Amino acid sequence: MVYPTSWASDKGWETDYDSADETVYLPDITPDDHELDGCWTGYEEELFQIERDRKNGASNADGFLFDNGPNNQMVMRLGQRFEDDFKFRRAIEVLAIRDGIKLCIMHNSSTCVSCECSDLDCDWKLTAAKEHRSNVFVISHLTPEHTCKKRWLKLQWGTKWIAAKFLHIWKVNVGQEISILANEIAATYGMQCPIWKLNAVDSMATKWLRTDHADGYAQLIQYKHEMEDINERNIVIIETTKEHLLRPQVFNRMFVFLYDTAYAFNTRCRTLLTIDGWEIDGPYKSVMLVAVCRDGNDVVLPIAFCEVQEENLDSWAFFLTNLTYGLRFERGEELCILADGYNGVDEAVEEFLPYAVYRQCCFTLYGRMVRNFPDVRLHSAFWGACQSTERKSFIDQMSIIETVNIEYHNWLKDTDSKTWPLFSMPQWVKSTKVTKSASEQLRIWLSKFLDMNVAQRYTTITRTIAEMFQRRYVAGWE
């Protein structure tokens, strides 16, 4: 095979060779991947357990693996674990590009992905399935050897092809200099690669490995402009800080308000708003604050997001002030806020939304009970008290708790009983929700996007929410 000795520096060459680089071998959004389009049908306790199981499973994931041979072959083996279906699909895509294989998709869902070689004479097959109660995908069937001889060369010399061929370099060293990549290409194929091509390859490789977090902050201004161009009533606020006069400004926090879903909340939904904070794992530790509600079909509807460095009173004040301004609930009149009570959220609601009704998440309260009284078994009585629709039934359940364990009864009595039992919820809220299950369901749905860089994460989340909202809008008219 004859390799090109160099690349042209104009974009015409890039168009010719990279025209197929947009090929998606396995779509990430599948027909059954619309969990947020339906209400949660299981026990709420199971919903909260899913996130704990996801974190435990993700900590043991393998991801991309390469051998130590001269060709650094990509490894796929039985039992290999991937953090979620998104990362497994990327691994199959990279494997196919490296080996020049055209895939035939046999099954592609949120619980199982199966592919075969498109050559009818080849027996190669790869199947992975989702683990029970976590997002981890495990390879369950593998026919490792290809018996086909013809290779699909459509992507050869494109950005994806080069990135896939040399992905092991970024796997070993996350902050790899592109000059090392240029030397590897020259040594392997005897050709010089222009700087613009190396930068494109570096961007693609770090995107696959989810190590392009630094680049994401530089793209936030573009995200802000695009959101405002789509709908001028969308709100995107980006704040930066400058530690020293001679140093450039750095990202501090960002607020994103989705007008379409917010309008639906104001006009068609109960005024119960669930707010929560999620820790984002990555080289730049951050917290995503979210505000969600449930529509008339009891389905989750996201309204706003916020990226902050840590979850505290100041960050919650920033989030709630901008959120209620967008919703036109500046002082919280006729607004009910449900949260976990951690990291100053209850204080922020009390100080900045003095007319709002604050509700304590009962599952968070239950978690505190388990930690403080690990030997007490009062599951039924506690949840009976939480879901009591009348004061009398609440007192009866508390009497049962007092009979079993007086210390636990006194601890629970010291909490503000106006904030967590169902009977104390104002009638105008018209809701029976006593836990932040809406935000947990949203987190499960968005978990595959949370380790993207900040710009890609918010771009993907807002796009998928817009598609979800459009599906519901069309279904409502039909």
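In strand β12, Val 357 is the bridge partner of Cys 336. Cys 336 belongs to strand β11 (residues 336-339), which pairs with strand β12 (residues 357-360) in the parallel sense over 4 bridges. Here strands (E, at least two residues) and helices (H or I, at least four residues) are DSSP runs, numbered from the N terminus, and two strands pair if DSSP finds at least two bridges between them. The model is predicted, so local features need pLDDT of at least 70 and side-chain atom pairs count only at pLDDT 80 or more, whereas totals for chains, interfaces and linings use all residues. Residues are numbered from 1 along each chain as its sequence is written, and side-chain values use heavy atoms, with hydrogens and water left out.

Strand β11 also pairs with strand β8 (residues 272-280), to which 3 bridges join it in a parallel run; Leu 273 stands opposite Ile 337 of β11. In a regular strand the side chains alternate between the two faces of the sheet. Both faces of β11 are covered: Cys 336 and Leu 338 on one side, and Ile 337 and Ala 339 on the other, are all buried. Buried denotes under 20% relative accessible area, exposed over 50%, and partly exposed the range in between (1.4 Å probe, protein chains only).

Because 7 of its 8 residues are buried, β7 is largely enclosed by the rest of the structure. Strand β6 (residues 235-241) is joined to β7 by 7 bridges, and the two run antiparallel; Ile 237 has Phe 255 of β7 as its bridge partner. Strand β10 (residues 300-308) pairs with β7 over 4 bridges, also in the antiparallel sense, and Glu 307 in β10 is the bridge partner of Met 254.

Elsewhere, 5 strands form an open antiparallel sheet in the order β1-β5-β4-β3-β2. Its edge strands are β1 and β2 (103-108), each of which pairs on one side only. Within the sheet, strand β3 (residues 112-117) and strand β4 (residues 125-130) run antiparallel and are joined by 5 bridges, with Lys 125 in β4 as the bridge partner of Glu 116. The loop between α2 (44-58) and β1 (81-82) contains Asn 68. Asn 68 counts as exposed because its relative accessibility is 81%.

The cysteines may be considered next. A search of the whole structure finds 0 disulfides, a disulfide being a pair of cysteine sulfur atoms within 2.5 Å. For Cys 269, the nearest cysteine sulfur is that of Cys 293, at 4.1 Å. Cys 269 is buried, with a relative accessible area of 15%, and Cys 306 is buried at 0%.

The structure holds 21 aromatic pairs. Rings of Phe, Tyr and Trp (its six-membered ring) pair if their centres lie within 6.5 Å; planes under 30 degrees apart count as stacked, over 60 as edge-to-face and the rest as tilted. Tyr 366 and Trp 383 form a tilted pair, because their ring centres are 5.8 Å apart and their planes lie at 45 degrees. This pair links distant parts of the chain, with Tyr 366 in helix α13 (residues 362-372) and Trp 383 in helix α14 (residues 379-386), 17 residues apart. Both Tyr 366 and Trp 383 are buried. Phe 394 and Phe 423 are likewise a tilted pair, at 5.2 Å centre to centre and 45 degrees between the planes. Phe 394 lies in helix α15 (residues 391-404) and Phe 423 in the loop between α16 (406-414) and α17 (437-446), so this pair ties together parts that are 29 residues apart in sequence. Phe 394 counts as buried, at 8% relative accessibility.
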